[in-house]
Amino acid sequence: IKIVIFIVIVVIVIVIAIAIAIVTVIVIVIFIIVIVIFIFIFIVIVIFIFVVIVIFIFIIIFIVIVIVRVFVVVVVVVAFLLLLLLVIISVIIIQLLFVELFLQLIVVVFSLIQ
């Protein structure tokens, strides 16, 4: 009877030990899985933030380049138009001066004739 009780106690102890070992392994595995998931989520979030920041920077650079291009084009066009306007005005002034001189010449010629 003592031997049977001893065997039963040993079996119970072994079962409890195996159960504790299994629970420990399961807890460790769950803990590792949770850590891996957290690390994965962290890496994904970091990569996502990095990608968003890079995309944002590229968008800003693109917008700046477009604005600069538009600005340069506008400045060139305005400068060209101003230059054209200047040329037209100077031509008109020169023509008016020539007309003035021509009229004065006519007046001088008429006065000389008379």
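Buried residues make up 0% of the 114 residues in this protein, and the model you are viewing is a predicted one. Let's go through what that looks like, topic by topic.

**Surface**
- Isoleucine 113 counts as exposed because its relative accessibility is 65%, and the cut-off for exposed is over 50%.

**Fold**
- The protein has one helix and zero strands.
- Helix 1 covers residues 2-113, and isoleucine 113 lies in it.

**Overall shape**
- Along the principal axes, the C-alpha atoms fill a box of roughly 165 × 5 × 5 Å.
- The radius of gyration is 48 Å, whereas a compact globule of 114 residues would have one near 13 Å.
- For a sense of distance, follow the chain between valine 15 and isoleucine 113: they are 98 residues apart along the chain, and their C-alpha atoms are separated by 143 Å.

Conventions
Residues numbered from 1 in each chain as written. Predicted model: local features only at pLDDT ≥ 70, side-chain atom pairs only at ≥ 80, totals over all residues. Heavy atoms only, no water. Helix = DSSP H or I, 4+ residues; strand = E, 2+ residues; numbered from the N terminus. Buried < 20%, exposed > 50% of the residue type's maximum accessible area, 1.4 Å probe, protein only. Rg over C-alpha atoms; globule rule 2.2 N^0.38 Å.
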